[in-house]
Amino acid sequence: MTTAGEMKGRTAVVTGATSGIGAAIVERLAEHGAHLVLVARDLNRLESMAARLRARYGVDVFTSPLDLADRESPSLLAEWLDEAGVEVEMLVNSAGTSMVGVLGDSNPAQVRAMLELNVGALAELTAWLLPGMIRRGRGSVINISSTGAYQPAPYMAAYAASKTFVLSFTQAVWAETSGTGVRVVAVCPGPTETPMVTSSSLRRRQPKDVARTALATLGDGRPAVVDGLGNAALAFIFGRLLSATTAARIAKRILPMVSTP
């Protein structure tokens with residue numbers, strides 16, 4: 001297991017690194033002296049962020065401008081890391097996107113692209129980088145899920161289902177890696193001030209709150225954590241106390257119908 005405090009001089013790969021939760025985690029890791037590989041689509045934002053982190057924290061920062069919804073991107077990243085001799089101590093799978101609306105009105109290709117990013121890229125990158133951590137007997141994987149993983153979510157059906165995959169996948173890999181020295185955890189934020197959340201009616205936590213929760217959880221043995229006490233209570237109610245049909249009916253009435261970028 002590698003906690004944030006043990007990352008000085010070691011390398012973390014962070015996807016979705018230039019905004020939201022990913023950017024907040026990057027900042028905290030840099031504060032701890034971690035070297036970084038930043039993965040996102042926008043090269044200009046990546047280079048600007050990398051320059052600032054190098055200047056402020058004196059860490060090595062590499063950039064990888066990839067669209068992880070492209071099926072070839074995870075293997076390209078893994079191959080580059082291997083050829084460059086980068087020993088990955090921590091993987092943070094934060095890249096993700098959302099879709100809000102009635103599934104029957106959605107663009108099927110966009111649904112598939114979202115699942116490629118939220119599910120396919122996360123699972124493949126974990127599969128690429130986990131073996132090296134196991135061989136070395138140390139390392140950490142943080143997968144960003146959602147409180148939507150705990151319930152059916154009308155108007156966000158495919159998105160919530162993708163986050164249910166992330167939660168279940170992570171819990172299973174946590175069990176597989178028990179005793180190897182590798183820490184695997186799913187972090188489940190509720191509404192958070194990120195580019196994906198545009199509804200003014202939602203009470204939101206800040207990305208730095210989620211980053212703090214994510215990195216603090218590396219120090220305990222839980223396979224998953226919900227960010228924020230209020231979010232944890234709602235996840236328990238909708239995920240444990242209510243039947244799936246009741247949870248879906250309630251969610252249909254209360255989930256905001258908003259558009260995403």
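## Helices and strands

The chain holds 8 helices and 7 strands; these are DSSP runs numbered from the N terminus, with at least four residues of H or I for a helix and at least two of E for a strand. This is a predicted model, where local features need pLDDT of at least 70, side-chain atom pairs count only at pLDDT 80 or more, and totals for chains, interfaces and linings use all residues. Residues are numbered from 1 along each chain as its sequence is written, and side-chain values use heavy atoms, leaving out hydrogens and water.

Of the 261 residues, 49% are buried, where buried means under 20% relative accessible area, exposed over 50%, and partly exposed in between (1.4 Å probe, protein chains only).

## A look at helix H5

Helix H5 covers residues 157–176. Its buried residues include Ala158, Leu167 and Val173. The buried residues of H5 pack against helix H4 (108–136) and strands E5 (139–144), E6 (182–188) and E7 (224–226), with contact meaning heavy atoms within 4.5 Å.

## Salt bridges

A salt bridge here is a side-chain nitrogen of Lys or Arg within 4 Å of a carboxyl oxygen of Asp or Glu, and the count comes to 12. One of them joins Glu116 and Arg71, whose closest N and O atoms are 2.7 Å apart. Glu116 lies in helix H4 and Arg71 in the loop between strand E3 (61–65) and helix H3 (73–83), so the pair ties together parts 45 residues apart in sequence. Glu116 is buried at 16% relative accessibility, while Arg71 is exposed at 55%.

Salt bridges also link Arg10, Glu87, Glu89, Arg136 and Arg138 in a network.

Notes
Expected span 1.5 Å × (residues − 1).
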